[in-house]
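Dear colleague,

I am handing over the structure below, and would be glad if you could look through it alongside the notes that follow.

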Amino acid sequence: MWITNGGIADLFTVFAKVGGEKFTAFLVERAFPGVTTGAEERKMGSRAARPRRCIWTRAVPVENVLGESGAVM
C-alpha cells in the first residue's frame with residue numbers, strides 16, 4: 001500500500017500474495033494508465049524515507065511479471 005519514495009520513483013517493484021502462501025513479483029511503471037500516488041505520509045523523526053500510498057486502478061501487463069506467477073516464496 002505504501003512505497004518508500006513513491007512520489008519520486010518511476011519504477012516500482014511490487015510483490016503480491018497469490019494462492020495462499022506464494023507471491024508474485026512484478027514491475028509497475030509510473031507512466032502506466034491508472035497509476036497514481038497519494039499525499040506524502042508524515043513520519044515523526046524520519047525525513048529520509050518519504051512513503052506515499054500507491055494506487056493502481058488497472059491491471060499490470062503480463063510482460064511485467066517477474067518469473068512465474070506464485071514462484072516467489
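A residue is called buried here if its relative accessible area is under 20%, exposed if over 50%, and partly exposed in between, with a 1.4 Å probe and protein chains only. This is a predicted model, in which local features need pLDDT of at least 70 and side-chain atom pairs count only at pLDDT 80 or more, while totals for chains, interfaces and linings use all residues. Residues are numbered from 1 along each chain as its sequence is written, and side-chain values use heavy atoms, with hydrogens and water left out.

Thr-24 lies in strand E3 (residues 22–29), strands being DSSP runs (E) of at least two residues, numbered from the N terminus. With a relative accessible area of 7%, Thr-24 is buried, and its side chain makes a polar contact of 3.2 Å with the side chain of Ser-69 (a pair of N or O atoms within 3.5 Å, of which one must be able to donate a hydrogen and the other to accept it; residues adjacent in sequence count only if both atoms are side-chain atoms).

The structure also holds one aromatic pair (ring centres within 6.5 Å, taking the six-membered ring of Trp; planes under 30 degrees apart are stacked, over 60 edge-to-face, the rest tilted). The rings of Phe-12 and Trp-56 have centres 6.5 Å apart and planes at 65°, so the pair is edge-to-face. The pair links distant parts of the chain, 44 residues apart, with Phe-12 in strand E2 (residues 11–18) and Trp-56 in strand E5 (residues 52–56). Phe-12 is buried, at a relative accessible area of 2%, whereas Trp-56 is partly exposed, at 32%.

Best regards

Technical notes. Helices (H or I, at least four residues) and strands (E, at least two) are DSSP runs, numbered from the N terminus.
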